[in-house]
Amino acid sequence: MAALGFYADAAGDIVHVVGSGRSSVDASPVVFFVRLEDAAKLLWAAPLQGWHERFQPVRVKQERFDMQPWVSMLSTPERGMYRHIDGGIYQVLGVGCDEKSEEPVVVYQHVWPFPPGTWVRPHPEWAARFT
């Protein structure tokens, strides 16, 4: 698990880790982060495997960055509650990007009946499975 906070990669780019969860594709652990120099402030998801080899913890002055809002939301799906075709209820936290493919993903949490957890699903799959 990558602890919440600020990290820098080998190029010196700073990211802010804001959470973790699991990929809906293979249930592998992922890290959610924001690239602080990115004007759009998109939420990114990256595999936890290899995270600590690529990023090192750093200290930064928070006033250096505009942290609000820390995520830019795309138009769909909007934040809110959705029902899966299996009947489960989920809460959308936002839309972001997969770090490897740069494809849009939906970041969501299980609400009912499954144990709580934060997940990421490829955006194109969302409309087919949720209402």
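**Legends to the close-up views**

Figure 1. The model shown is predicted. The chain holds nine strands and two helices.

**Figure 2. Burial and contacts across the chain.** The chain has 131 residues, of which 40% count as buried. When contacts between residues at least 6 apart in sequence are considered, 43% of them join residues at least 24 apart.

**Figure 3. The setting of H110 in strand 8.** H110 lies in strand 8, which comprises residues 104–112. The relative accessible area of H110 is 16%; because buried residues are those under 20%, H110 is classed as buried. Leaving aside residues up to four places away in sequence, H110 touches I89, Y90, P115, P116, G117 and W119.

**Figure 4. The side-chain pair H110 and W119.** A polar contact joins the side chain of H110 to the side chain of W119, at 3.0 Å. W119 is also one of the residues that H110 touches beyond four places away in sequence.

**Figure 5. A nonpolar patch on the surface.** The patch is formed by M81, V111 and W112. Together, these residues have about 320 Å² of accessible area. M81 belongs to strand 6, which spans residues 80–83, whereas strand 8 covers residues 104–112.

Notes: Residues are numbered from 1 along each chain as its sequence is written. This is a predicted model: local features need pLDDT of at least 70, side-chain atom pairs count only at pLDDT 80 or more; totals for chains, interfaces and linings use all residues. Side-chain values use heavy atoms; hydrogens and water are left out. Helices (H or I, at least four residues) and strands (E, at least two) are DSSP runs, numbered from the N terminus. Buried means under 20% relative accessible area, exposed over 50%, partly exposed in between (1.4 Å probe, protein chains only). A polar contact is a pair of N or O atoms within 3.5 Å; within protein, one must be able to donate a hydrogen and the other to accept it, and residues adjacent in sequence count only if both atoms are side-chain atoms. Contact means heavy atoms within 4.5 Å. Patches are made of residues with over 30% relative accessible area and no salt bridge: like charges are joined within 9 Å, nonpolar side chains (Val, Leu, Ile, Met, Phe, Trp, Tyr) within 5 Å. Accessible areas come from the Shrake-Rupley method with a 1.4 Å probe; for residues, only the protein chains shown count as cover. A salt bridge is a side-chain nitrogen of Lys or Arg within 4 Å of a carboxyl oxygen of Asp or Glu.
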